[in-house]
Amino acid sequence: MKRPQIFLFHFAGGNCYSFQFLTPLLSGFEVIIPELPGRGRRMHEPLLNEFDDAAVDLYNQVISRLSDDTPFLLYGHSMGASFVLRLANMLEAAGRYPAGVVVSGNAGPGIEKPGRRVRYLLNKPEFLEELKKLGGLPQELIDNEELFGFFEPVLRADFEITERNNLAMEPAIQAPLYAVMGSLESDVDKIDNWSGFVQHTFHTEVLEGDHFFIRQHPRRMADIISTFYRRMQTMPQQ
């Protein structure tokens, strides 16, 4: 019997290697990690800075790997969570229905924070400060001017993708959704915002930690994904 498929979508600055802490714990799934151009295995391709273009790129990767007779899940962290919402809508429009969607590190579309800075346009010292607040980047990378010079364009392009997209009017998806955030994230109190983008089943959970809490809780994240999938398989179809 084929394993269900799970597609993992990376955060800003991420690539196909960003979930190495999690993939060994998802042995019950066929794990597929699409990535955007300009990094990882696609580092020689030009970066994208438009959300719609990036979504089409990721959609084509998913469609090319979908198995006709195998259930599949979508999971995205931070920027990846925004893409998962769009991709679920694109897939459902094409008659391919995810068994479930898991999002983390993101309170969903339409959340406005007073004083939010447009990070992709910041000068370098300010940009570095914003990255330090987010966490997730090793200090040695930030301190290494040459190494950071390689990652900076990737990060700026990804921040532009996220900060210029407007998903507030995105249609609600049919797939059930499970939203997870870190207890120290500034928007954690707005996690229920995701309920406005789901037609039926909706769950939330808050784990201890900052924006990259998933790295401190790989086993719990794997348990959430696996249990959510099993539960959705036993529920009657809407």
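Helices (H or I, at least four residues) and strands (E, at least two) are DSSP runs, numbered from the N terminus. One heads-up: this is a predicted model, where local features need pLDDT of at least 70 and side-chain atom pairs count only at pLDDT 80 or more, while totals for chains, interfaces and linings use all residues. Residues are numbered from 1 along each chain as its sequence is written, and side-chain values use heavy atoms, with hydrogens and water left out.

**Stop 1: Asn 15**

Select Asn 15, in the loop between β1 (5-9) and β2 (30-32). Buried or exposed? Asn 15 counts as buried because its relative accessibility is 15%; buried means under 20% relative accessible area, exposed over 50%, and partly exposed in between (1.4 Å probe, protein chains only). Now show contacts, meaning heavy atoms within 4.5 Å. Leaving aside neighbours within four places in sequence, Asn 15 touches His 10, Ile 33, Glu 35, Arg 39 and Gly 40. Its side chain also reaches the backbone nitrogen of Tyr 17 at 2.7 Å.

**Stop 2: Asp 57**

Next, pick Asp 57 in helix α1 (residues 51-65). Asp 57 is buried too, with a relative accessible area of 17%. Which side chain does Asp 57 join in a polar contact? That's Arg 42, at 2.7 Å. A polar contact is a pair of N or O atoms within 3.5 Å; within protein, one must be able to donate a hydrogen and the other to accept it, and residues adjacent in sequence count only if both atoms are side-chain atoms. Neighbours within four places in sequence aside, the contacts of Asp 57 are Glu 35, Leu 36, Pro 37, Arg 42 and Leu 48.

**Stop 3: a nonpolar core**

A nonpolar core is a set of buried Ala, Val, Leu, Ile, Met, Phe, Trp, Tyr and Cys residues joined through side-chain atoms within 4.5 Å. The largest one has 48 residues, and those with the most contacts inside it are Phe 7, Phe 9, Leu 74, Phe 83, Val 101, Val 103 and Leu 177. Helix α2 gives the most to this core, with eight residues. For a second, separate core of 24 residues, select Ile 6, Leu 8, Leu 73 and Phe 228, which are among its members.

**Stop 4: around Phe 7**

Finish by zooming in on Phe 7. Apart from neighbours within four places in sequence, Phe 7 is in contact with Ile 32, Pro 34, Val 62, Arg 65, Leu 66, Phe 72, Leu 73, Leu 74 and Tyr 75.
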